[in-house]
Amino acid sequence: MIIGVPAEVKQDEYRVAMLPVGVEILTAAGHQVVVQAGAGIGSGLADHAYLQAGARLVASAADVYREAELVVKVKEPQADEFALVRSGQIVFTYFHFAASRVLTEAMIDSGATCLAYETLQDEKGRLSLLTPMSEVAGRMSIQEGAKYLERPQMGRGILLGGVPGVAPAHISVLGGGVVGANAAKIAAGFQADVAILDVNMDRLRYLDDVMPANVNVLFSDRHTIRDQLKLADLVIGSVLIPGAKAPHLVKQEDLRLMKPGSVIIDVAIDQGGCVETSRPTTHKDPTFLIDDVVHYCVTNMPGAVGRTSTFALCNVTLPWVLRLANAGADCATRLGGPLSTATNILAGKVTQTAVAETFNLPLHTLRS
Ligand SMILES: NC(=O)C1=CN([C@@H]2O[C@H](COP(=O)(O)OP(=O)(O)OC[C@H]3O[C@@H](n4cnc5c(N)ncnc54)[C@H](O)[C@@H]3O)[C@@H](O)[C@H]2O)C=CC1
Ligand SMILES: CC(=O)C(=O)O
(Lines give C-alpha, C1' and ligand atoms only; values in the text may rest on other atoms or scores of the structure.)
(Ligands and ions follow the chains in the order given, each with its own letter.)
Protein backbone atom coordinates (compact mmCIF):
# COMPACT_ATOMS: atom_id res chain seq x y z
CA MET A 1 0.00 0.00 0.00
CA ILE A 2 1.10 3.61 -0.50
CA ILE A 3 0.96 5.49 2.80
CA GLY A 4 1.17 9.28 2.77
CA VAL A 5 2.27 11.61 5.55
CA PRO A 6 1.52 15.29 4.88
CA ALA A 7 2.86 18.18 6.95
CA GLU A 8 0.31 19.44 9.48
CA VAL A 9 -1.19 22.82 8.62
CA LYS A 10 -3.38 23.60 11.61
CA GLN A 11 -2.24 26.77 13.43
CA ASP A 12 0.73 26.03 15.73
CA GLU A 13 0.62 22.30 15.09
CA TYR A 14 4.15 20.93 15.42
CA ARG A 15 3.40 17.22 15.47
CA VAL A 16 3.89 14.78 12.60
CA ALA A 17 2.01 11.50 12.16
CA MET A 18 4.97 9.18 11.61
CA LEU A 19 8.47 8.68 12.97
CA PRO A 20 11.35 7.54 10.78
CA VAL A 21 11.22 4.18 12.58
CA GLY A 22 7.62 3.84 11.39
CA VAL A 23 8.75 4.36 7.81
CA GLU A 24 11.40 1.69 8.29
CA ILE A 25 8.89 -0.83 9.67
CA LEU A 26 6.31 -0.15 6.94
CA THR A 27 8.80 -0.32 4.09
CA ALA A 28 10.27 -3.54 5.51
CA ALA A 29 6.74 -4.95 5.34
CA GLY A 30 6.63 -4.14 1.61
CA HIS A 31 4.76 -0.81 1.69
CA GLN A 32 5.73 2.56 0.26
CA VAL A 33 5.76 5.69 2.42
CA VAL A 34 5.49 9.14 0.88
CA VAL A 35 6.38 12.01 3.23
CA GLN A 36 5.94 15.71 2.52
CA ALA A 37 9.32 17.46 2.74
CA GLY A 38 9.65 19.29 6.05
CA ALA A 39 6.76 17.40 7.71
CA GLY A 40 8.88 16.40 10.73
CA ILE A 41 10.69 19.68 11.28
CA GLY A 42 8.35 20.90 14.06
CA SER A 43 9.19 17.77 16.04
CA GLY A 44 12.90 17.98 15.35
CA LEU A 45 12.78 15.17 12.73
CA ALA A 46 14.80 16.05 9.64
CA ASP A 47 13.97 15.01 6.08
CA HIS A 48 17.18 12.98 5.78
CA ALA A 49 16.05 10.75 8.68
CA TYR A 50 12.90 9.85 6.71
CA LEU A 51 14.93 9.31 3.53
CA GLN A 52 17.37 7.04 5.33
CA ALA A 53 14.46 5.02 6.71
CA GLY A 54 13.17 4.42 3.19
CA ALA A 55 10.59 7.17 2.61
CA ARG A 56 10.10 9.00 -0.65
CA LEU A 57 9.99 12.77 -0.09
CA VAL A 58 7.55 14.84 -2.12
CA ALA A 59 7.28 18.60 -2.32
CA SER A 60 3.65 19.31 -1.47
CA ALA A 61 0.61 18.05 0.38
CA ALA A 62 -1.12 17.76 -3.01
CA ASP A 63 1.55 15.23 -4.05
CA VAL A 64 0.94 13.20 -0.88
CA TYR A 65 -2.85 13.12 -1.30
CA ARG A 66 -2.56 12.34 -5.03
CA GLU A 67 -0.42 9.26 -4.41
CA ALA A 68 -1.51 7.89 -1.05
CA GLU A 69 -4.12 5.19 -0.60
CA LEU A 70 -3.86 5.71 3.16
CA VAL A 71 -3.19 9.23 4.49
CA VAL A 72 -1.93 9.29 8.07
CA LYS A 73 -2.25 12.64 9.84
CA VAL A 74 -2.46 14.20 13.29
CA LYS A 75 -5.23 16.80 13.08
CA GLU A 76 -8.48 16.90 11.12
CA PRO A 77 -8.15 18.20 7.53
CA GLN A 78 -8.29 22.00 7.48
CA ALA A 79 -10.45 23.93 5.00
CA ASP A 80 -7.62 24.28 2.49
CA GLU A 81 -7.03 20.51 2.61
CA PHE A 82 -10.65 19.50 1.98
CA ALA A 83 -10.28 19.47 -1.80
CA LEU A 84 -7.20 17.23 -1.57
CA VAL A 85 -9.03 14.34 0.14
CA ARG A 86 -10.39 12.05 -2.55
CA SER A 87 -12.84 9.24 -3.04
CA GLY A 88 -11.42 5.79 -2.37
CA GLN A 89 -8.80 7.16 0.02
CA ILE A 90 -8.55 6.28 3.71
CA VAL A 91 -7.68 9.13 6.10
CA PHE A 92 -6.53 8.10 9.59
CA THR A 93 -6.26 11.03 12.04
CA TYR A 94 -8.02 12.89 14.88
CA PHE A 95 -11.33 14.15 13.44
CA HIS A 96 -13.63 15.07 16.37
CA PHE A 97 -16.51 15.23 13.86
CA ALA A 98 -19.19 16.06 16.43
CA ALA A 99 -17.56 19.47 16.92
CA SER A 100 -17.83 20.50 13.25
CA ARG A 101 -20.63 20.14 10.73
CA VAL A 102 -18.45 21.82 8.08
CA LEU A 103 -15.73 19.18 8.44
CA THR A 104 -18.28 16.36 8.54
CA GLU A 105 -19.99 17.53 5.35
CA ALA A 106 -16.66 18.10 3.58
CA MET A 107 -15.54 14.55 4.34
CA ILE A 108 -18.91 13.11 3.28
CA ASP A 109 -18.61 15.02 -0.01
CA SER A 110 -15.05 13.76 -0.53
CA GLY A 111 -16.24 10.14 -0.67
CA ALA A 112 -13.24 9.13 1.45
CA THR A 113 -13.18 6.77 4.42
CA CYS A 114 -12.40 8.54 7.69
CA LEU A 115 -10.94 6.56 10.57
CA ALA A 116 -10.76 8.64 13.75
CA TYR A 117 -8.02 8.02 16.29
CA GLU A 118 -10.23 9.31 19.08
CA THR A 119 -13.00 6.72 18.70
CA LEU A 120 -10.85 3.64 18.14
CA GLN A 121 -11.53 1.24 21.00
CA ASP A 122 -8.92 -1.47 21.39
CA GLU A 123 -9.68 -5.08 22.35
CA LYS A 124 -10.06 -4.00 25.98
CA GLY A 125 -12.43 -1.14 25.11
CA ARG A 126 -9.82 1.55 25.79
CA LEU A 127 -9.51 4.70 23.66
CA SER A 128 -5.87 3.84 23.18
CA LEU A 129 -5.11 6.36 20.42
CA LEU A 130 -6.58 9.21 22.46
CA THR A 131 -4.87 8.26 25.71
CA PRO A 132 -1.32 9.56 25.09
CA MET A 133 -2.55 12.96 23.90
CA SER A 134 -4.93 13.14 26.85
CA GLU A 135 -1.95 12.44 29.10
CA VAL A 136 -0.09 15.32 27.48
CA ALA A 137 -3.07 17.71 27.57
CA GLY A 138 -3.93 16.79 31.16
CA ARG A 139 -0.42 17.49 32.37
CA MET A 140 -0.18 20.60 30.24
CA SER A 141 -3.51 21.96 31.49
CA ILE A 142 -1.96 22.64 34.87
CA GLN A 143 1.11 24.43 33.52
CA GLU A 144 -1.15 26.52 31.26
CA GLY A 145 -3.54 27.16 34.14
CA ALA A 146 -0.65 28.26 36.36
CA LYS A 147 0.47 30.70 33.67
CA TYR A 148 -2.97 32.23 33.07
CA LEU A 149 -3.61 32.61 36.81
CA GLU A 150 -0.76 35.12 36.80
CA ARG A 151 -1.91 38.72 36.93
CA PRO A 152 -0.15 39.88 33.73
CA GLN A 153 -2.09 37.14 31.89
CA MET A 154 -5.45 38.48 33.24
CA GLY A 155 -5.57 35.92 36.07
CA ARG A 156 -6.22 36.42 39.78
CA GLY A 157 -2.56 36.46 40.67
CA ILE A 158 -2.60 33.09 42.43
CA LEU A 159 0.34 30.75 42.96
CA LEU A 160 -0.88 27.14 42.66
CA GLY A 161 0.89 25.86 45.75
CA GLY A 162 0.44 28.96 47.92
CA VAL A 163 3.19 29.53 50.52
CA PRO A 164 3.34 28.93 54.29
CA GLY A 165 0.62 31.14 55.75
CA VAL A 166 -1.29 31.56 52.45
CA ALA A 167 -3.74 29.00 51.04
CA PRO A 168 -2.95 27.14 47.81
CA ALA A 169 -5.16 27.41 44.73
CA HIS A 170 -8.32 25.33 44.53
CA ILE A 171 -8.54 23.36 41.30
CA SER A 172 -11.76 21.68 40.15
CA VAL A 173 -11.33 18.97 37.54
CA LEU A 174 -14.57 18.13 35.67
CA GLY A 175 -14.15 14.56 34.44
CA GLY A 176 -11.72 12.12 36.03
CA GLY A 177 -10.61 10.16 32.96
CA VAL A 178 -7.16 10.32 31.42
CA VAL A 179 -7.00 14.12 31.10
CA GLY A 180 -8.50 14.62 34.54
CA ALA A 181 -6.27 12.12 36.33
CA ASN A 182 -3.13 13.54 34.73
CA ALA A 183 -4.18 17.09 35.55
CA ALA A 184 -4.91 16.14 39.15
CA LYS A 185 -1.61 14.33 39.57
CA ILE A 186 0.40 17.33 38.38
CA ALA A 187 -1.75 19.79 40.35
CA ALA A 188 -1.29 17.70 43.48
CA GLY A 189 2.46 17.82 42.94
CA PHE A 190 2.22 21.61 42.95
CA GLN A 191 0.54 21.26 46.36
CA ALA A 192 -2.75 22.73 45.14
CA ASP A 193 -6.05 21.75 46.71
CA VAL A 194 -7.75 19.55 44.09
CA ALA A 195 -11.24 18.13 43.53
CA ILE A 196 -12.05 15.66 40.75
CA LEU A 197 -15.71 15.32 39.70
CA ASP A 198 -17.01 12.34 37.75
CA VAL A 199 -20.24 10.40 37.29
CA ASN A 200 -18.54 7.00 37.16
CA MET A 201 -18.43 5.67 40.72
CA ASP A 202 -15.92 2.93 39.89
CA ARG A 203 -13.60 5.57 38.49
CA LEU A 204 -14.06 7.77 41.58
CA ARG A 205 -13.23 4.81 43.85
CA TYR A 206 -10.09 4.08 41.84
CA LEU A 207 -8.98 7.73 41.90
CA ASP A 208 -9.67 7.88 45.62
CA ASP A 209 -7.29 4.94 46.09
CA VAL A 210 -4.42 6.23 43.97
CA MET A 211 -4.47 10.02 44.39
CA PRO A 212 -2.56 11.82 47.12
CA ALA A 213 -4.26 13.37 50.15
CA ASN A 214 -4.68 16.81 48.60
CA VAL A 215 -7.03 15.36 45.93
CA ASN A 216 -10.70 14.73 46.79
CA VAL A 217 -13.12 12.90 44.55
CA LEU A 218 -16.73 14.05 44.24
CA PHE A 219 -19.80 12.85 42.37
CA SER A 220 -20.55 15.21 39.49
CA ASP A 221 -24.00 16.73 39.64
CA ARG A 222 -25.35 20.20 39.07
CA HIS A 223 -25.18 21.22 42.75
CA THR A 224 -21.64 19.99 43.30
CA ILE A 225 -20.46 21.62 40.09
CA ARG A 226 -21.93 24.98 41.14
CA ASP A 227 -20.40 24.66 44.63
CA GLN A 228 -17.01 23.93 43.07
CA LEU A 229 -17.24 26.92 40.74
CA LYS A 230 -17.55 29.20 43.77
CA LEU A 231 -14.38 27.76 45.28
CA ALA A 232 -12.26 27.28 42.17
CA ASP A 233 -9.31 29.37 41.05
CA LEU A 234 -8.76 27.00 38.15
CA VAL A 235 -11.29 24.71 36.43
CA ILE A 236 -10.17 21.94 34.09
CA GLY A 237 -12.85 20.78 31.62
CA SER A 238 -12.11 17.13 30.84
CA VAL A 239 -15.35 15.22 30.31
CA LEU A 240 -15.90 12.95 27.35
CA ILE A 241 -18.81 11.02 25.92
CA PRO A 242 -16.93 9.19 23.14
CA GLY A 243 -17.73 10.48 19.66
CA ALA A 244 -20.39 12.90 20.92
CA LYS A 245 -20.51 16.63 21.55
CA ALA A 246 -19.35 17.36 25.10
CA PRO A 247 -22.16 18.14 27.58
CA HIS A 248 -22.21 21.74 28.87
CA LEU A 249 -21.54 21.18 32.56
CA VAL A 250 -20.84 24.89 33.13
CA LYS A 251 -23.58 27.17 31.84
CA GLN A 252 -23.11 30.81 30.93
CA GLU A 253 -25.03 31.93 34.03
CA ASP A 254 -22.65 29.90 36.24
CA LEU A 255 -19.72 32.18 35.38
CA ARG A 256 -21.20 34.70 37.82
CA LEU A 257 -20.48 32.25 40.64
CA MET A 258 -16.77 32.29 39.83
CA LYS A 259 -14.16 34.66 41.22
CA PRO A 260 -12.93 37.41 38.88
CA GLY A 261 -9.65 36.33 37.29
CA SER A 262 -10.27 32.63 37.76
CA VAL A 263 -9.31 30.44 34.82
CA ILE A 264 -11.07 27.70 32.83
CA ILE A 265 -8.92 25.36 30.73
CA ASP A 266 -11.54 23.61 28.60
CA VAL A 267 -9.54 20.65 27.30
CA ALA A 268 -12.76 19.07 26.02
CA ILE A 269 -13.05 21.87 23.45
CA ASP A 270 -12.09 19.46 20.67
CA GLN A 271 -15.50 17.82 21.22
CA GLY A 272 -17.19 21.23 21.44
CA GLY A 273 -16.22 22.08 25.04
CA CYS A 274 -17.91 21.37 28.39
CA VAL A 275 -18.38 25.06 29.20
CA GLU A 276 -21.21 26.85 27.39
CA THR A 277 -19.11 29.98 26.79
CA SER A 278 -16.10 28.13 25.33
CA ARG A 279 -15.10 28.62 21.70
CA PRO A 280 -12.01 27.17 19.98
CA THR A 281 -8.79 29.17 20.29
CA THR A 282 -5.20 28.72 19.10
CA HIS A 283 -1.80 28.67 20.78
CA LYS A 284 -1.13 32.06 19.21
CA ASP A 285 -4.21 33.59 20.82
CA PRO A 286 -5.24 31.04 23.45
CA THR A 287 -7.50 32.97 25.84
CA PHE A 288 -10.46 35.30 26.05
CA LEU A 289 -12.43 36.82 28.93
CA ILE A 290 -16.13 36.42 29.61
CA ASP A 291 -17.57 37.79 32.85
CA ASP A 292 -13.99 38.28 34.10
CA VAL A 293 -13.27 34.55 33.77
CA VAL A 294 -10.27 33.62 31.61
CA HIS A 295 -11.17 30.91 29.06
CA TYR A 296 -8.39 28.83 27.47
CA CYS A 297 -9.77 26.60 24.70
CA VAL A 298 -6.93 25.42 22.48
CA THR A 299 -8.04 22.47 20.36
CA ASN A 300 -4.57 21.06 19.79
CA MET A 301 -2.80 21.53 23.10
CA PRO A 302 -0.25 18.71 22.53
CA GLY A 303 0.81 20.42 19.28
CA ALA A 304 2.78 22.95 21.30
CA VAL A 305 5.02 20.26 22.76
CA GLY A 306 5.39 18.60 19.40
CA ARG A 307 8.40 16.48 20.08
CA THR A 308 7.05 14.78 23.18
CA SER A 309 3.63 14.44 21.59
CA THR A 310 4.81 13.08 18.23
CA PHE A 311 6.71 10.26 19.90
CA ALA A 312 3.83 9.51 22.29
CA LEU A 313 1.29 9.48 19.44
CA CYS A 314 3.30 7.50 16.89
CA ASN A 315 4.18 4.85 19.48
CA VAL A 316 0.50 3.90 19.60
CA THR A 317 -0.70 4.62 16.04
CA LEU A 318 1.95 2.65 14.14
CA PRO A 319 0.59 -0.86 14.87
CA TRP A 320 -2.81 0.22 13.50
CA VAL A 321 -1.27 1.83 10.41
CA LEU A 322 0.60 -1.40 9.79
CA ARG A 323 -2.56 -3.44 10.26
CA LEU A 324 -4.44 -1.25 7.75
CA ALA A 325 -1.58 -1.33 5.26
CA ASN A 326 -1.19 -5.11 5.49
CA ALA A 327 -4.91 -5.54 4.88
CA GLY A 328 -4.55 -3.73 1.54
CA ALA A 329 -6.62 -0.90 0.13
CA ASP A 330 -9.64 -3.06 -0.72
CA CYS A 331 -9.87 -4.87 2.60
CA ALA A 332 -8.72 -2.19 5.05
CA THR A 333 -12.18 -0.64 5.28
CA ARG A 334 -13.74 -4.02 5.94
CA LEU A 335 -11.56 -4.88 8.91
CA GLY A 336 -13.80 -5.54 11.87
CA GLY A 337 -12.99 -5.18 15.57
CA PRO A 338 -11.29 -2.03 16.81
CA LEU A 339 -10.89 -0.52 13.35
CA SER A 340 -14.65 -0.55 12.88
CA THR A 341 -14.95 1.61 16.02
CA ALA A 342 -12.57 4.09 14.37
CA THR A 343 -14.66 4.25 11.20
CA ASN A 344 -16.74 7.42 11.38
CA ILE A 345 -17.32 7.79 7.62
CA LEU A 346 -17.11 4.93 5.13
CA ALA A 347 -16.80 6.01 1.49
CA GLY A 348 -18.69 9.22 2.20
CA LYS A 349 -21.35 7.67 4.46
CA VAL A 350 -21.59 8.35 8.21
CA THR A 351 -21.18 5.16 10.26
CA GLN A 352 -20.81 6.62 13.79
CA THR A 353 -24.06 6.89 15.72
CA ALA A 354 -22.98 9.93 17.75
CA VAL A 355 -21.97 11.88 14.63
CA ALA A 356 -25.19 11.00 12.78
CA GLU A 357 -27.26 12.00 15.81
CA THR A 358 -25.37 15.27 16.37
CA PHE A 359 -26.02 16.49 12.82
CA ASN A 360 -29.22 14.58 12.09
CA LEU A 361 -27.60 12.69 9.21
CA PRO A 362 -28.47 9.20 7.94
CA LEU A 363 -26.57 6.45 9.72
CA HIS A 364 -25.12 3.60 7.67
CA THR A 365 -24.28 0.24 9.16
CA LEU A 366 -20.82 -1.22 8.74
CA ARG A 367 -20.77 -4.68 7.20
CA SER A 368 -17.75 -6.93 7.41
N1 LIG B 1 -7.75 20.18 23.60
C2 LIG B 1 -6.85 19.25 23.33
O3 LIG B 1 -5.80 19.52 22.76
C4 LIG B 1 -7.08 17.84 23.74
C5 LIG B 1 -8.33 17.45 24.13
N6 LIG B 1 -8.58 16.17 24.57
C7 LIG B 1 -9.95 15.91 24.94
O8 LIG B 1 -10.14 15.84 26.34
C9 LIG B 1 -11.40 15.20 26.59
C10 LIG B 1 -11.23 14.17 27.72
O11 LIG B 1 -10.46 13.08 27.23
P12 LIG B 1 -10.08 11.82 28.15
O13 LIG B 1 -9.74 12.26 29.50
O14 LIG B 1 -9.11 11.01 27.38
O15 LIG B 1 -11.46 11.05 28.19
P16 LIG B 1 -11.84 9.86 29.22
O17 LIG B 1 -12.89 9.08 28.53
O18 LIG B 1 -10.62 9.18 29.71
O19 LIG B 1 -12.47 10.66 30.47
C20 LIG B 1 -13.67 11.33 30.40
C21 LIG B 1 -14.31 11.25 31.77
O22 LIG B 1 -15.47 12.11 31.75
C23 LIG B 1 -16.37 11.51 32.65
N24 LIG B 1 -17.69 12.12 32.50
C25 LIG B 1 -18.65 11.88 31.57
N26 LIG B 1 -19.72 12.65 31.83
C27 LIG B 1 -19.44 13.38 32.95
C28 LIG B 1 -20.14 14.34 33.71
N29 LIG B 1 -21.38 14.71 33.41
N30 LIG B 1 -19.52 14.88 34.80
C31 LIG B 1 -18.26 14.52 35.13
N32 LIG B 1 -17.57 13.59 34.44
C33 LIG B 1 -18.14 13.03 33.37
C34 LIG B 1 -16.31 10.03 32.30
O35 LIG B 1 -16.87 9.21 33.30
C36 LIG B 1 -14.80 9.86 32.14
O37 LIG B 1 -14.20 9.41 33.34
C38 LIG B 1 -11.80 14.58 25.23
O39 LIG B 1 -12.76 15.42 24.60
C40 LIG B 1 -10.51 14.59 24.46
O41 LIG B 1 -10.70 14.56 23.08
C42 LIG B 1 -7.59 15.24 24.66
C43 LIG B 1 -6.30 15.56 24.26
C44 LIG B 1 -5.97 16.88 23.73
C1 LIG C 1 -6.75 14.67 20.82
C2 LIG C 1 -6.45 15.72 19.87
O3 LIG C 1 -7.30 16.14 19.11
C4 LIG C 1 -5.14 16.29 19.85
O5 LIG C 1 -4.22 15.74 20.48
O6 LIG C 1 -4.94 17.32 19.18
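This is a predicted model: local features need pLDDT of at least 70, side-chain atom pairs count only at pLDDT 80 or more; totals for chains, interfaces and linings use all residues.
Biologist: Where do I start? How many helices and strands does the chain have?

Modeller: Start with the elements. This chain has 12 helices and 15 strands.

Biologist: How compact is the chain?

Modeller: Compare the radius of gyration with the globule rule. The rule gives 21 Å for 368 residues, and the chain's own value is 21 Å, so the chain is as compact as a globular protein of that length. Along the principal axes, the C-alpha atoms fill a box of roughly 65 × 45 × 35 Å.

Biologist: What percentage of the residues count as buried?

Modeller: Count neighbours. A residue is buried if 20 or more other C-beta atoms lie within 10 Å of its own. Here 50% of the 368 residues pass that test.

Biologist: And contacts along the sequence?

Modeller: Take contacts between residues at least 6 apart in sequence. Of these, 66% join residues at least 24 apart.

Biologist: Which domains does the assignment give?

Modeller: Domain 1 comes in two pieces, 2-127 and 306-359. Domain 2 is 133-299. Their C-alpha centres lie 30 Å apart.

Biologist: How many residues of each domain are in contact with the other?

Modeller: Domain 1 gives 15 residues and domain 2 gives 12. On the domain 1 side, α9 (306-327) and α12 (353-359) each give two or more residues. The largest share, 4 residues, comes from α9.

Biologist: What kinds of residues make up that side of domain 1?

Modeller: Sort them by type. There are 7 nonpolar, 7 polar and 1 charged.

Biologist: How else is the size of an interface given?

Modeller: Often as the accessible area lost when the parts come together.

Methods
Residues are numbered from 1 along each chain as its sequence is written. Chains are lettered from A and ligands numbered from 1 in the order in which they are written. The radius of gyration is taken over C-alpha atoms; the globule rule is 2.2 Å times the number of residues to the power 0.38. A residue is buried if 20 or more other C-beta atoms lie within 10 Å of its own, exposed if 12 or fewer, and partly exposed in between; C-beta atoms are placed from the backbone. Two residues are in contact if their C-beta atoms, placed from the backbone, lie within 7 Å. Domain bounds come from an automatic or database domain assignment. Ala, Val, Leu, Ile, Met, Phe, Trp, Tyr, Cys and Pro count as nonpolar, Asp, Glu, Lys and Arg as charged, and the others, Gly among them, as polar.
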